[in-house]
Amino acid sequence: MSSSSTVKSNAWAYLAGLVFGVGLVLAGMTDPAKVIGFLDLLGDWDGSLMLVMGGAIAVHFVLFRVITKRASPLFDGRFHLPTRSDIDMRLVVGAGLFGVGWGLAGYCPGPGIVSLGAGSMPAVVFVAAMSVGMLIQQVTERDRSVLATA
Amino acid sequence: MTEFTPLPSLTGGLLIGLSASMLLLTHGRVAGISGAYAGAIAAPRADGGFRIAFVAGLVTAGFLMWLIRPEAFPAGPVTPLWLTAIAGFIVGFGTRLGSGCTSGHGVCGISRLSLRGIVATLAFIATGAITVFLVRTLGSRS
């Protein structure tokens with residue numbers, strides 16, 4: 001990729017991040033109390049987040065099908081889409097763990113990162129700890145693959 | 001208890017779907033925030049740095065929205081900070097182990113009708129709901 005098209009492609013990625021972030025704030029997801037209210041299925045349930053997910057899926061469900069009719073995306077030679085369809089323990093345990101953290105803090109990664117820009121102290125703590133969790137997971141992964149190839 | 005906010009939440013959702021479609025059209029990538037963030041901190045220059053640009057856009061959005069809607073962010077901690085730290089660690093570890101979070105599995109995965117995305121979403125909503133129920137029942141959140 002030439003440097004001018006790298007700049008252009010990064011500008012689009014930045015814009016996509018901006019739109020995503022504005023969407024998360026409007027949706028109410030940067031308020032942990034609202035997220036916990038959504039997960040409180042057996043208590044005072046706040047169903048707003050159903051509409052966040054429903055709205056996002058409605059748009060992307062249609063546009064995904066339109067966009068992937070193209071031979072390639074605008075700034076890459078091909079689409080990079082997951083192809084796996086197997087359900088393994090890593091997927092279920094990983095997603096299950098994520099849900100526990102989500103329910104405890106009321107933040108998932110997106111709203112946590114967006115809230116850094118607002119200087120929210122809980123979000124700073126959350127994202128710092130999340131970064132450590134990610135790096136440690138990657139290190140344990142590397143150790144396991146080293147053992148497997150040894 | 002929080003109020004039901006159908007219109008802003010639906011509008012926010014539509015913008016999220018639009019953003020995921022923008023990233024697919026321009027980069028051919030799934031808009032998975034945990035993966036983008038992990039890539040941005042671990043290998044910032046990979047693939048021309050689009051993950052850093054995407055994450056920078058998210059943070060900028062938080063700043064701009066804080067200027068015009070500060071009430072969208074909590075005035076103080078909803079959960080004790082030590083518990084938020086433990087939660088953040090679990091979220092970081094779990095999203096890498098399970099290859100995604102609410103955006104990659106929940107929005108993008110379900111839109112593609114990916115079985116893995118659907119199973120992951122059911123799993124994290126289930127454990128999230130159980131966690132909130134337990135925390136409320138045990139009464140450690142006042």
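Here are a few friendly points to guide a first look at this predicted model.

1. Confidence comes first. The predictor assigns the complex an ipTM of 0.96 and a pTM of 0.95. For chain B, the mean pLDDT is 94, with 97% of its residues at 70 or more.

2. Next, have a look at where the two chains touch. Chain A puts 107 residues into the contact, and chain B puts in 103 residues. On the side of chain A that touches chain B, two or more residues come from each of α1, α2 (32-39), α3 (48-67), α4 (89-105), α5 (109-116) and α6 (121-149).

3. As general background, nonpolar side chains tend to be buried together in soluble globular proteins.

4. Leaving aside residues up to four places away in sequence, Phe126(A) touches Ala105(A), Tyr107(A) and Gly112(A) in chain A, along with Thr84(B), Ala87(B) and Gly88(B) in chain B.

5. Finally, why is α2(A) largely enclosed by the rest of the structure? Seven of its eight residues are buried, so the helix has the rest of the structure largely around it. The buried residues of α2(A) are Pro32(A), Lys34(A), Val35(A), Ile36(A), Gly37(A), Phe38(A) and Leu39(A).

Technical notes. Residues numbered from 1 in each chain as written. Chains lettered and ligands numbered in written order. Predicted model: local features only at pLDDT ≥ 70, side-chain atom pairs only at ≥ 80, totals over all residues. pLDDT = per-residue confidence, 0-100. Contact = placed C-beta atoms within 7 Å. Helix = DSSP H or I, 4+ residues; strand = E, 2+ residues; numbered from the N terminus. Buried ≥ 20, exposed ≤ 12 C-beta atoms within 10 Å, placed from the backbone.
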